Amino acid sequence: NDLRENDRLAGQPIMAMTPSDRTEANRLDRDIVQRCRRGDLGAFEELYKRYGSRLYTVAYRVTGSAADAEDLVQETYLRAFRAFEAYTPGTNIRAWLFTILYRARTDSYRKAGRSPRTSELVDDGPGVEAPQEALARGQEDIARALGELPEAFRTAVLLRDVQDFSY
């Protein structure tokens with residue numbers, strides 16, 4: 001029954017959860033983290049099942065490439081596995097994983113001798129239509145607009161609006 005409950009909660013966006021679901025999700029996270037810290041590989045697999053698709057979504061939108069996104073998620077979990085003793089119990093595991101993902105992406109840019117696209121905002125900035133109009137046209141327009149943003153802005157939007165981090 002716990003596995004079915006875990007599966008039911010795993011795919012839900014945080015905002016779609018009821019307060020009791022969030023409490024249960026937090027309890028499941030704490031249980032998984034405790035088992036991971038004891039070296040339980042099955043628990044680490046549960047952690048992947050719980051957050052892998054969310055990490056992949058952000059990684060894909062940041063990199064624009066399925067292969068690069070897969071590599072980035074793999075690197076994120078590898079780093080998490082190696083550094084689990086540094087994880088502070090009671091803190092948000094999801095935020096910890098996304099921090100690792102972001103740092104792994106930054107490191108991959110540095111290793112490749114590249115840097116994320118940046119742009120300088122002059123006056124009122126580039127002529128971008130209101131977000132409400134982009135939403136009205138549908139997800140394809142939003143995905144295209146996200147792809148045109150410099151990586152730093154795209155990452156901020158994805159983490160705040162898609163993954164529901166507070167800031």
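How much accessible surface does the protein chain have, and what share of that belongs to carbon and sulfur atoms? The accessible surface comes to about 10900 Å², and 52% of that belongs to carbon and sulfur atoms. Before I go on, please keep in mind that this is a predicted model.

I will start with the overall make-up. The protein chain has eight helices and zero strands. Along the sequence the pattern is therefore α-α-α-α-α-α-α-α. Of the 167 residues in the chain, 32% are buried. Taking contacts with a separation of 6 or more, 58% are between residues 24 or more positions apart.

Next, the helix packing. I will cover H3, H4 and H5. Helix H3 runs over residues 41–63, helix H4 over residues 66–82, and helix H5 over residues 93–112.

First pair: H3 and H4. The angle between them is about 140°, and their axes are 8 Å apart. That makes H3 oblique to H4, and the crossing is right-handed. On the H3 side, the residues in contact include Leu 41, Phe 44, Tyr 48, Gly 52 and Tyr 56. On the H4 side they include Ala 66, Asp 68, Glu 70, Val 73 and Phe 81. By class, this contact has 16 nonpolar, three polar and two charged residues.

H4 contributes Leu 72, Val 73, Glu 75, Thr 76, Tyr 77, Arg 79 and Ala 80. H5 contributes Trp 96, Leu 97, Ile 100, Leu 101, Arg 103, Ala 104, Arg 105 and Asp 107. These residues divide into nine nonpolar, one polar and five charged.

The crossing is right-handed. From H3, the residues that meet H5 are Leu 47, Tyr 51, Arg 54, Leu 55, Val 58, Ala 59, Val 62 and Thr 63. From H5, the residues that meet H3 are Ile 93, Arg 94, Leu 97, Phe 98, Leu 101 and Arg 105. The classes in this contact are 10 nonpolar, one polar and three charged.

Now to two individual residues, Asp 29 and Arg 50. Asp 29 is found in helix H2, which covers residues 19–37. Arg 50 lies in H3.

Is Arg 50 buried or exposed? Its relative accessibility is 3%, so Arg 50 counts as buried. Asp 29 has 10% relative accessibility, so Asp 29 counts as buried too.

Asp 29 and Arg 50 are 21 residues apart along the chain, and their C-alpha atoms are separated by 9.0 Å. For Asp 29 and Arg 94, 65 residues apart along the chain, the C-alpha separation is 8.9 Å.

Conventions. Residues are numbered from 1 along each chain as its sequence is written. This is a predicted model: local features need pLDDT of at least 70, side-chain atom pairs count only at pLDDT 80 or more; totals for chains, interfaces and linings use all residues. Side-chain values use heavy atoms; hydrogens and water are left out. Axes are lines fitted to C-alpha atoms, for helices over the stretch in contact, and angles run from 0 to 180 degrees between N-to-C directions. Helices (H or I, at least four residues) and strands (E, at least two) are DSSP runs, numbered from the N terminus. Contact means heavy atoms within 4.5 Å. Ala, Val, Leu, Ile, Met, Phe, Trp, Tyr, Cys and Pro count as nonpolar, Asp, Glu, Lys and Arg as charged, and the others, Gly among them, as polar. Buried means under 20% relative accessible area, exposed over 50%, partly exposed in between (1.4 Å probe, protein chains only). Accessible areas come from the Shrake-Rupley method with a 1.4 Å probe; for residues, only the protein chains shown count as cover. Angles under 35 degrees count as roughly parallel, over 145 as roughly antiparallel, 65 to 115 as roughly perpendicular and the rest as oblique. A crossing is left-handed if the near helix is turned anticlockwise from the far one by less than a right angle, and right-handed if clockwise.
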